[in-house]
Amino acid sequence: MLDPYLPLVLLFLLAGAFALFSVTAAPFVGPKRYNRAKLDSYECGIQPSPQPIVGGGRMPVAYYLTAMLFILFDIEMVFLYPFAVSADRFSAGGLGVFVLVEIALFIVTVGFAYAYVWRRGGLDWN
Amino acid sequence: MIVTDVVLAQEQIPPPAVDGVAVAPLLVILGGACIAVLIEAFLPRHQRWPVQVVWTALVLVVALVSLGAYALGSPTPVITLGETLSVDPPTLFLWGTLLLLAIPSLLMIADRSVEPGGAFIPSAAERALARSGGSGGGGSSEHVDRSYGPPGDAPTMQTEVFPFALFALGGMMAFVAANDLLTMFIALEVLSLPLYLMCGLARRRRLLSQEAAVKYFLLGAFGSAFFLYGVALLYGYAGSVRLSAIANASAGSAVSDTLLFAGLALLLIGLLFKGSVAPFHTWTPDVYQGAPTPVTAFMAACTKVAAFGAIARVLYVAFGATRWEWRGVLWAVAIISMAVGAVLGLTQTDVKRMIAYSSIAHAGFLLLGTMAITQQGTAGTMFYLLAYGFTTLAVFGVISLVRNADGEASHLSQWAGLAKRSPLVAGVMTFLLLALAGIPLTSGFTAKFAVFSAALADGMAPLVVIALVASAVAAFFYLRVIVMMYFSEPAADGPTVVVPGAFTTMAITLGVLVTLLLGILPTPALQWASGGAFGG
Amino acid sequence: MSPTNYLLLSALLFSIGAVGVLVRRNAVVVFMCIELMLNAVNLSLVTFSRINGNLDGQVMAFFVMVVAAAEVVVGLAIITSIFRTRQSSSVDDANLLKY
Amino acid sequence: MNTGIVPDSGGNPLLLILFLVPVVGALVLVGLRSNPGAAKATAMGFALLQLVGAIVAWASYSTAAAEAGTRFQLEFSVPWIPTFGTHIAFGVDGIALVMIVLTAVLVPVLMLYAWSEKLPEGRTVGGYLALLLSAQATLVGVFAATDVFLFYVFFEAMLIPMYFLIGRFGGARRQYAAVKFFLYSLLGGLIMLASLIGLYVNSLDAIGRGTFTWAELQQIAASTSTSTQIWLFLGFFVAFAIKAPLFPFHTWLPDAGAEAPIVGAVLLVGVLDKVGTYGFLRYCLPLFPEASKVLAPLVLTLAVIGIIYAALLAVGQSDMSRLVAYTSVAHFGFIALGIFSFSSQAFAGATLYMVNHGLSTGMLFVMVGMLIARGGSRRIADYGGVAKVAPLMAGCLLVAGLSSLALPGTNSFVSEFLVLVGSFPNAPVFTIIATVGIIFAALYVLWFYQRTMQGPLRGDAVLGALERGGAGGPGAMVDPGVAATTTGGSGFPDLSRREIGVLTPLIVLILVLGFVPGPVLDVINPSVAATMQEVGLPDPVSVGGTAR
Amino acid sequence: MNLLQQAPDLGTEGLTRTQQLLADDPIWLVLLKVVALFAIGVVLTLFMINWERKVVGRMQHRPGPNRTGPGGWLQSLADGLKLAFKEEIIPVLADKKVYFIAPVISTIPAFVAFSVIPFGGEVSIFGERTVLQLVDLPVGLLVVLACSSIGVYGIVLGGWSSGSPYPLLAALRSAAQVISYEIALGLSIVGVVLYSGSMSTADIVDAQGSGWYVWLLLPSFVVFVIAMVGETNRAPFDLPEAESELVGGFHTEYTSLKFALFFLAEYVNMVTVSAMATTLFLGGGRWPWPLSSFNENGWLMFVAFLIKTLIFLFVFIWLRGTLPRMRYDQFMRLGWKVLVPLSLVWIVAVFGIRTYVNTGGNNTALLLLLIGFLLVIVLGVAFLLPERTTTDAPIEPASDYPLPPMDLTVPNGPPRRKRAVGAGTKEPAGALADSGADKAGE
């Protein structure tokens, strides 16, 4: 019997091989006619403003807010899935209402945070 | 344990035990914190402060009442909430201690008279307003005292500290009651995360405050990672993270003890970190200095209670049987902590940093009590926590009163001649420092006595002697403050002692009274503390 | 594959993270090292779960993930606020830690 | 003997009152800081009240009962912290009683001395006297406590008023001296705390419950192993040796004694340090008899070294206050010698010495204080020929000095003689060496007297004061009372009426005790005998044979 | 807990039929499937590009590509080949290693997500009984979600490593967008998981034998469809590559095959989410009622699956052809303020209904509880919904979001203009003052 994840790994390898082949092959296949302007970063044809550091400059910190919100809710989902999967079995075990109350409490608790973020403008992008 | 009871269909699942009455204080605090978040969300800015203060006070009182009602019925120890929490006599004592300590802490947090508008950063909108208003002139964070002025006009503060404090308090309560290591870990985070944030909210010296927050956060997270790895190893050893299961496994297991002791070591690193025991103390001075003083007070008092409550529980319940194998290491840790606290405290010139080192030394003393796996040790530790908490709270209360134009004047030299400017404040501070030094007729002495006698009874005589020598060394730096206050002449441009508002006054008074009371009539508290052993 | 290997890997990752915390100066990098440590713990939890034959470890891994996420949020909040104060939007300036 | 039953409540409240009177006085004075006149009157009132109380205590102390075997009298006891087995328990034996009375006598005298003392900038006389009264309260507590825990509490609490007394009202280097004093004492106290806890734990093992009651602990002592005793003894010993400065632990005393205000110095050296020797007698010997016997040679060595060493240093001092402080170190050596030579005669001598030393050194300090108040300097070299301008003063100084060197006819002679006679049988070598100290004592006292009082007028302080006339120069701490009595007269006046009032009781006591020590010895002897019994050694010299 | 002691054992005992079949696959069949799956991805991409151009062309009354190959259908293949032979340009400021690896990171998850899609029923391939699915994992749904999350790394790293402002901004936007809509996407799946009691894709399809979830869980379906468009950065949510604002998006600096890889990944992702929508809500390869008998044949089910997926793909194209691009703030508001709360409320409702049904439908207390809860939620939402008219300023004058100044495009200025101006001009002065005060406080 095969490991159930083996095909997935194979697909991973195939896709990886393809992608890697593509990125490495590209320089060998295409022509090379460099000039300085080509190598500058693209800024609609105007002279590019000098970049402070290699690698594309600085991250606007404000995006962290989105990242934080995402993490909060993503984690909420992590708990909802096991709940969802096993809810029926709990119902069958006689704990249906208990589990329902629990999940409702859980979501309401997250709701507190959500309401807070909303009211304090955390969800406003302008 | 938790929700792993995923079973095959058609099987009747017993509902997890929930003793609502026993855990009511905890639920009240956490629920109150959630509501506080909503208050924060829905009320207009000028109403938040009063409503939050009233609400927080209400929550604390309700929690205390429910705790009192439950504890006075001399309940049997229960393990509840799906075996995650153990509500036994030490838990009840520690809960009581935490709630009692939280009251003055929150009073100080709520105070807006010492620093106009409160010690915390004003809310973002106000800052924006200050900017766009273009008043500028270098002092945009400087406000005239309008703290009780008309609504909408008052300098506000970040009222999020109230829910933060409540959440942290709830975390601490869960921490000391946790019956398994996972719950303990979650509680550890619940108590830590708000504290990290609170550290960075100072109205003055914001960079220092934020740097403290970053440092506390990074090192705290580092510490909890160690804790967690310890949990994992112990889980690997015992197949469960229940404290009693670990104890059983260590008693009867043929498995190599490497996992057990490696796990314990890592676990303790995390816990000792929280208790700011040297050599895991590096964050303490910076954070104590950088954080807003009310937060420092809260942190110094309550976190210590939580950390040592948890250490005591873990050592007592899970590792009591193997104590002879690990005790040597903790001896070393305790000695290091006492030495570091006492010796480095000597070199400090900032009062807050000095108290931080003092807290490191005290952590060493406390460790003595927790190492004694006896009921006496538990009781002594808990009493110590209670006593130390109130004293240190009041100390920080006093520190917050000595100010100059730049905010708090916490440099030691600025305290010169304080007794002349304000004999009362100097007297109170002297009394508190003597309590920290462990002079009789203060709670510090009774507490030290309780802890040291337990340690001595459990065969730690050398450690006790070292501890006493360390106390003598530590007394020197307390003395320096007293010398400064009483025997030096005040500088002409020295700081002033602000007249505290009702809240801070109450907090300091409470701290002083308890310090005195526990020094003179400690019997009720001692009896309550020795009400029973950890269950689990 | 023997579960011990996973444990060794976990220990290795944990050590890398710990060393990273100790030697790096950039707050965000330190922060990532801590996350690495937490995930190393997750790996060992799951492995132990397998060894012990119960699911506790896996559930714990869930909880650890949550906590890690909460830590990320708090950490990012603190780091964000410090950059706002410093009028700098770059995380590369996060080198104010002097242990 | 007390049978070890712990009285749970009540008893004779006299000692409690003796403790509370100064406490209340101090509290009242804190309220009166802004009004010096009222403060002084109130303080004196409380001090006299205390003196009356002490006399009542003396009167109610029954020598007969003590001889019949009652260890403590005037007992009072209420439970304090049941968890620790502590009581608020007071009671006195003869030894404690004389110390309490000595305190009660000295305090009003000192208040009189302090009546118009010039205090440092910004200090109030109310605070000064409040500290004095609170020091007195803690001293009463220390001497009267029959619960070891309570004793310890007072032992530590005693530091605080004295610390502030030195630190706030002392001389130029008062900060240094105060901190040094505090730290030494605190360190000692904390080491003692370790032993105290050890005692407690030991009692847990021995009788199943923790106790601090002195009588109970004394009974347990017999069954405690010698090694345990030695450890516990050492803890107590270090604390007491620091307090009663025995040789290697004495270095704080010259500083504290010299920098303290005169009132503080007298109280410190005269009474407070006696707590150390008192502790030897009350705690070290009865509670750790075996250990005491084992370690006695060590202590005796220290004591004798102290006698000789301190006397030598005293000879070499150029500072009057330090000189007096060093003489005290030597005297404490004698007391320790008496205590650790285990005979009732030596015990009685040591106890009497404690009282007498309080009086003689007290007077010496007062005299020094008066000199300094006139001349503004502590250097011996700054004075000379004072007897020419202030003969009365010179006479008083001579009395004090002679008492200090134990001239027959003064009080110290009786006690020193008892000590030497009593210790000879058990520790002949040490006694002989100690006797050398007497010679040094004569040397330093007389030399001091000669340099300052005799000969032509000389020295910056004396000449300067005379030049300035009665007005007093800048920085000179001239007593206004002094100036008042010598209006238009000398710049270095003789004793004022108030000063005579201060000195009279001291001189009277010095002489009376020198000739009639009997009443005091009567009070002391039964307790000394009981102590002897508790140590469990045969008494080489019977008490009955002491000089009457 | 003890009951599950045997849980980690992976004997054939607890496996579903699909899993058993897959477990018995010989290695050659697995390889065949892997290659076929890969081919499907590539072919569908080529097809989609062409199809999109043609359909959009039709919608805009122009023919679209019609030269290369029959009916122009080989146009995208030709484009792909042409890209391979184009010059590769790497900007000097680029972070070379990351720049190289980003397309790879983007491509691999796109294909891997494909592996759990149940394309059809049980078939016989060269005599081997198997199902038209590469793997059937108990956590199949999580694989898809995980892959879509990892794909974001490719975008962010690609944008960041280019060393150029536009790609960076686009990459950040893209990341923010993807993770925002991932919440809604994930929440919308919860209902499906609840009803099917499993996260295995094959199980979910099987569970829809009695009825497609699209009817049962209509709100979930709607949320899913919206979120999947957002997740794939497609119009009207194609803000990251908004040509008018950001030139070409995160891959502005990419050329030749690397550019092609990003393109490939984007279209494969589209196919994946469409296939997921089919699986979760449209019964996978199941034919609807009149044609239910087709369900006997696995290949016919494959056809049904393909048709359904193509319908979704058509919707993608249709949206692109007809809807204007949303503004960034509108887009985020839709995600966070509509889809998320809607999903949350809906989840509770679904849980409640499910429990109500499971307890036999006669539990009045539960019903009341449920209604009460919903009422609270609705009231809460109603309370929340009125947009804030109070004077509370936003948390911070957020000036560092990558937005072009509003006053560039709208001369008269929307209400927000003032704030934008304020943020742009006033802040530095105040900020300096603030930092000065801080220094003074040190």
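How much area do chain C and chain B bury between them, and what percentage of it is on carbon and sulfur atoms? In this predicted model, the two chains bury about 3,500 Å² between them, with 80% of that area on carbon and sulfur atoms. Phe48(C), Met60(C) and Ile78(C) together supply 16% of the area that chain C buries against chain B, more than any other three residues.

**The interface**

The contact involves 43 residues of chain C and 37 residues of chain B. Polar contacts join 6 residue pairs between chain C and chain B, both residues being at pLDDT 80 or more.

Three helices of chain C, namely H1 (3–23), H2 (27–52) and H3 (56–85), each supply at least two residues of the side that touches chain B. The largest share of that side, 16 residues, comes from H3(C). The classes of residue on the side of chain C that touches chain B are set out below.

| Class | Residues of chain C on the side touching chain B |
|---|---|
| Nonpolar | 29 residues |
| Polar | 10 residues |

**Chain B**

Chain B contains 20 helices and 5 strands. Its C-alpha trace spans about 70 × 60 × 40 Å along the principal axes. The radius of gyration of chain B is 23 Å, which agrees with a compact globule, because 536 residues in such a globule would give a value near 24 Å. Of the 536 residues of chain B, 67% count as buried. Among contacts in chain B between residues at least 6 apart in sequence, 83% join residues at least 24 apart.

Key. Residues are numbered from 1 along each chain as its sequence is written. Chains are lettered from A and ligands numbered from 1 in the order in which they are written. This is a predicted model: local features need pLDDT of at least 70, side-chain atom pairs count only at pLDDT 80 or more; totals for chains, interfaces and linings use all residues. Side-chain values use heavy atoms; hydrogens and water are left out. Contact means heavy atoms within 4.5 Å. Buried area is the accessible area (1.4 Å probe) that two parts lose on being put together, summed over both. A polar contact is a pair of N or O atoms within 3.5 Å; within protein, one must be able to donate a hydrogen and the other to accept it, and residues adjacent in sequence count only if both atoms are side-chain atoms. Helices (H or I, at least four residues) and strands (E, at least two) are DSSP runs, numbered from the N terminus. Ala, Val, Leu, Ile, Met, Phe, Trp, Tyr, Cys and Pro count as nonpolar, Asp, Glu, Lys and Arg as charged, and the others, Gly among them, as polar. The radius of gyration is taken over C-alpha atoms; the globule rule is 2.2 Å times the number of residues to the power 0.38. Buried means under 20% relative accessible area, exposed over 50%, partly exposed in between (1.4 Å probe, protein chains only).
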